[in-house]
Every structure is written in C-alpha cells, then in structure tokens.
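Here is a briefing for a reader who is new to this structure. Please look over the sequence and the model, then read the points below.

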Amino acid sequence: TYPDVTLTDKVAPVIANVNSTDPTNCGVFDGTITITASGPGALQYSIDGGSTWQASDNFTGLQAGTYQIRVRNIDGTCIVSEADEILNAPQLPVINSVASTDPTNCGVNDGIITVTATGTNLEYSIDGGTNYQSSNSFTGLAPGTYNIFVRNADGTCVVQSIDNPIVLTAPNAPSITNVAF
C-alpha cells in the first residue's frame with residue numbers, strides 16, 4: 001500500500017477595496033491607487049492589467065487614465081481582477097478670445113475687457129492671476145496694461161491668454177500748438 005497523498009488547491013486572493021485619488025491639477029501626476037486585498041500569504045499588485053507587478057499595494061504619481069486592477073499570489077498564481085479604476089484630472093480651460101474697448105475719453109475709466117473661454121465653472125483675472133472673479137466681463141477700466149488669466153473655480157488649471165498683455169489706451173488729449181493774439 002501506498003501512503004495517502006493530499007493535494008491542496010491554491011487559494012485565490014480576495015480584493016476587499018480599491019481607493020483612489022484623482023490628480024490635483026492639470027498636467028500633475030499625483031493621483032494614487034491603494035488596493036486592499038487578503039490572501040494566504042504575500043501578494044503582488046498590478047494596475048496595468050498584469051503587465052507589471054509590485055509588492056506594495058499603494059501606487060503613487062499617477063496621471064489621469066484608466067487602470068486595470070489585478071492581484072495575485074506571490075508565486076504568480078491565482079490572478080484576480082477588480083473593476084477598472086478611472087482617475088480624472090481637472091479640465092483645462094481654453095481661452096477662445098479676448099475683446100477690449102479703450103476708454104472713450106481722457107480721464108474717463110470706462111474701458112472694457114471681455115474674455116470668452118471654454119470650460120465649466122471658470123474664474124477670470126485681468127491682473128496676472130492675483131485676483132479672480134466669476135464674471136468674464138471687466139468694466140470701468142482705466143487706460144493701462146492688463147494680463148488675462150483663466151482658471152477653474154477650484155483654483156486648478158490656470159491658463160494665460162496668448163494675447164497678453166492687453167493694453168487699453170485713452171484718446172490723445174488735444175494739444176495747443178500755437179496761440180495767436
């Protein structure tokens with residue numbers, strides 16, 4: 001008689017949770033994904049569908065995109081999947097045009113700058129991004145130099161106009177060239 005042989009099947013890991021944070025600003029790679037999983041021993045984690053693996057369950061420095069979550073046993077067996085995790089970046093505003101109207105007379109502050117931009121919930125600045133307002137129209141402006149910036153209302157994704165600087169000019173004051181008696 002031969003001794004009994006017991007074969008034990010591998011135990012698959014279990015993914016309990018996937019947490020993520022989106023990138024905080026346009027062009028910034030600071031998103032994160034953390035995978036909480038348990039298994040019979042050490043595990044490996046992947047966010048690219050299993051192309052690459054790491055021992056840590058925490059992924060940092062991520063850009064916006066879709067990440068394919070996988071976990072496996074340390075020996076490479078029993079790969080389990082979770083739903084794809086999508087990181088979203090703030091939307092970059094686009095300045096379509098800047099229209100300006102010079103003051104109508106000397107000493108009159110009635111110049112206008114109107115900014116047309118594409119995006120959602122935007123803020124506008126004419127002082128180089130120091131102060132912002134929700135309206136895209138600036139009225140009561142004196143002659144001078146203005147630098148146009150637009151950003152998302154949450155302060156992300158600041159863009160400046162390619163037309164900067166915008167110069168408002170008052171009409172020339174008349175000059176007396178000769179007085180005859």
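How many disulfides does the count come to by this rule: a pair of cysteine sulfur atoms within 2.5 Å? The count comes to one disulfide. This is a predicted model, so local features need pLDDT of at least 70 and side-chain atom pairs count only at pLDDT 80 or more, while totals for chains, interfaces and linings use all residues. Residues are numbered from 1 along each chain as its sequence is written, and side-chain values use heavy atoms, with hydrogens and water left out.

**Overall build**

- The protein has 16 strands and zero helices. Both are DSSP runs numbered from the N terminus: helices are H or I with at least four residues, and strands are E with at least two.
- The C-alpha atoms fill a box of roughly 140 × 20 × 20 Å along the principal axes.
- The radius of gyration of the protein is 30 Å, whereas a compact globule of 181 residues would have one near 16 Å. The radius is taken over C-alpha atoms, and the globule rule is 2.2 Å times the number of residues to the power 0.38.
- Buried residues make up 28% of the 181 residues. Buried means under 20% relative accessible area, exposed means over 50%, and partly exposed lies in between (1.4 Å probe, protein chains only).
- Of the contacts with a separation of 6 or more, 52% come from residues 24 or more positions apart. Contact means heavy atoms within 4.5 Å.

**The disulfide and the cysteines**

- The disulfide joins cysteine 26 to cysteine 157, with an S to S distance of 1.8 Å.
- Cysteine 26 lies in the loop between strand E1 (14-21) and strand E2 (31-38), and cysteine 157 in the loop between E14 and strand E15 (159-160), so the pair ties together parts that are 131 residues apart in sequence.
- The torsion about the S-S bond is about 90 degrees, so this disulfide is right-handed.
- Cysteine 26 counts as partly exposed at 24% relative accessibility. Cysteine 157 is buried, at 3%.
- Cysteine 78 is partly exposed, with a relative accessible area of 25%. Cysteine 106 also counts as partly exposed, at 35%.

**Strands E11 and E14**

- E11 (residues 122-125) and E14 (residues 149-152) run antiparallel and are joined by four bridges. Two strands pair if DSSP finds at least two bridges between them.
- Glutamate 123 has arginine 151 in E14 as its bridge partner.
- Both faces of E11 are covered. Leu122 and Tyr124 are buried on one side, and Glu123 and Ser125 are buried on the other.
- In a regular strand, side chains alternate between the two faces of the sheet.
- The charged end of arginine 151 sits over the ring of tyrosine 132, 3.8 Å from its centre. A charge sits over a ring if NZ of Lys or CZ of Arg is within 6 Å of the ring centre and within 35 degrees of the ring normal.

**The sheet E3-E6-E7**

- Three strands form an open sheet in the order E3-E6-E7, with antiparallel pairing.
- The edge strands are E3 (43-46) and E7 (80-81), and each pairs on one side only.
- Two bridges join E6 (residues 70-73) to E7. Arginine 70 stands opposite serine 81 in E7.
- Glutamine 44 lies in strand E3. Glutamine 44 is buried, with a relative accessible area of 16%.
- Leaving out residues up to four places away in sequence, glutamine 44 touches several residues, including Trp53, Arg70 and Ile74.
- The C-alpha atoms of glutamine 44 and serine 56 are 7.1 Å apart, and the two residues are twelve residues apart along the chain.

**Backbone points**

- Most residues other than glycine have a negative phi, and most peptide bonds are trans.
- Asparagine 121 has a positive phi of about 55 degrees although it is not a glycine. Asparagine 121 lies in the loop between strand E10 (111-118) and E11, and counts as exposed at 62% relative accessibility.
- Cysteine 157 also has a positive phi, of about 60 degrees.
- A cis peptide bond joins asparagine 164 and proline 165, with omega about -5 degrees. Proline 165 is found in the loop between E15 and strand E16 (166-168).

How values were computed: A disulfide is a pair of cysteine sulfur atoms within 2.5 Å.
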